[in-house]
Amino acid sequence: MSPSRPFFDPETGELDTVPLIEEAIPLARLIGAIVLVALVPILFRVVFNGLLGLTSGLGFLYMLASQFILAIGTGLVLLYVIVRANQIIDE
């Protein structure tokens with residue numbers, strides 16, 4: 001007996017979009033939250049360097065902070081996807 005495939009209707013073999021969307025919404029919220037947090041240093045850099053005309057090492061640090069946040073966020077998203085996939089397989 002072959003194992004059932006997640007997100008596919010076992011009777012028809014077609015893609016079942018309802019559970020797929022139910023899984024995509026929390027993932028999209030997680031990605032959105034990470035992007036919003038990463039936007040804070042980017043906006044500080046734009047304000048300080050672009051609008052106020054201050055050129056200093058602060059802009060570089062803000063850019064570095066936003067890239068660090070995005071890197072950590074990418075790791076969190078990948079961990080979430082792996083853990084959730086294992087949970088779905090166990091169900």
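Guide: A residue is called buried when its relative accessible area is under 20%, exposed when that area is over 50%, and partly exposed in between. The structure discussed here is a predicted model.

Visitor: Is phenylalanine 7 buried, exposed or partly exposed?
Guide: Phenylalanine 7 belongs to the segment before H1. Its relative accessible area is 24%. Since the in-between class runs from 20% to 50%, phenylalanine 7 is partly exposed.

Visitor: What distance separates the C-alpha atoms of phenylalanine 7 and isoleucine 21?
Guide: Along the chain, phenylalanine 7 and isoleucine 21 are 14 residues apart.

Visitor: Which helix gives the most to the lining of the largest pocket?
Guide: The largest pocket has a volume of about 260 Å³, and 14 residues line it. Nearest its centre lie Arg5, Pro6, Phe7, Ile88 and Glu91. H1 and H2 each supply at least two residues of this lining. The greatest contribution, three residues, is that of H2.

Visitor: How many residues in the lining of the largest pocket are charged?
Guide: Asp, Glu, Lys and Arg count as charged. The lining contains seven nonpolar residues and one polar residue, and its charged residues number six.

Visitor: Which side chains meet in a salt bridge?
Guide: Side chains of opposite charge can pair when their charged atoms come close. A search of the whole structure finds one salt bridge. Its N to O distance is 2.8 Å, and the two partners are glutamate 23 and arginine 84.

Visitor: How far apart in sequence are the parts that this pair ties together?
Guide: Glutamate 23 lies in helix H1, residues 17-51, whereas arginine 84 lies in helix H2, residues 57-90. The pair therefore ties together parts whose separation in sequence is 61 residues.

Visitor: Are glutamate 23 and arginine 84 buried or exposed?
Guide: The term buried requires a relative accessible area under 20%. Both glutamate 23 and arginine 84 are classed as buried.

Visitor: Which helix supplies the largest share of the nonpolar patch on the surface?
Guide: The patch is formed by Ile31, Val35, Leu36, Leu39, Ile42, Leu43, Val46 and Leu70. Together these residues have about 650 Å² of accessible area. The largest share, seven residues, comes from H1.

Visitor: What is the relative accessible area of leucine 39?
Guide: Leucine 39 is found in helix H1 and is one of the residues of the nonpolar patch. Membership of a patch calls for a relative accessible area of over 30%. Leucine 39 is partly exposed, with a value of 34%.

Definitions and conventions
Residues are numbered from 1 along each chain as its sequence is written. This is a predicted model: local features need pLDDT of at least 70, side-chain atom pairs count only at pLDDT 80 or more; totals for chains, interfaces and linings use all residues. Side-chain values use heavy atoms; hydrogens and water are left out. A salt bridge is a side-chain nitrogen of Lys or Arg within 4 Å of a carboxyl oxygen of Asp or Glu. Helices (H or I, at least four residues) and strands (E, at least two) are DSSP runs, numbered from the N terminus. Buried means under 20% relative accessible area, exposed over 50%, partly exposed in between (1.4 Å probe, protein chains only). Patches are made of residues with over 30% relative accessible area and no salt bridge: like charges are joined within 9 Å, nonpolar side chains (Val, Leu, Ile, Met, Phe, Trp, Tyr) within 5 Å. Accessible areas come from the Shrake-Rupley method with a 1.4 Å probe; for residues, only the protein chains shown count as cover. On a 1 Å grid over the protein atoms alone, a cavity is a set of points where a 1.4 Å probe fits but cannot get out, and a pocket is an open set with protein on both sides within 12 Å along at least five of seven lines; lining residues have an atom within 4 Å of a point. Grid points are joined across faces, edges and corners, and a volume is the space filled by probe spheres set on the points.
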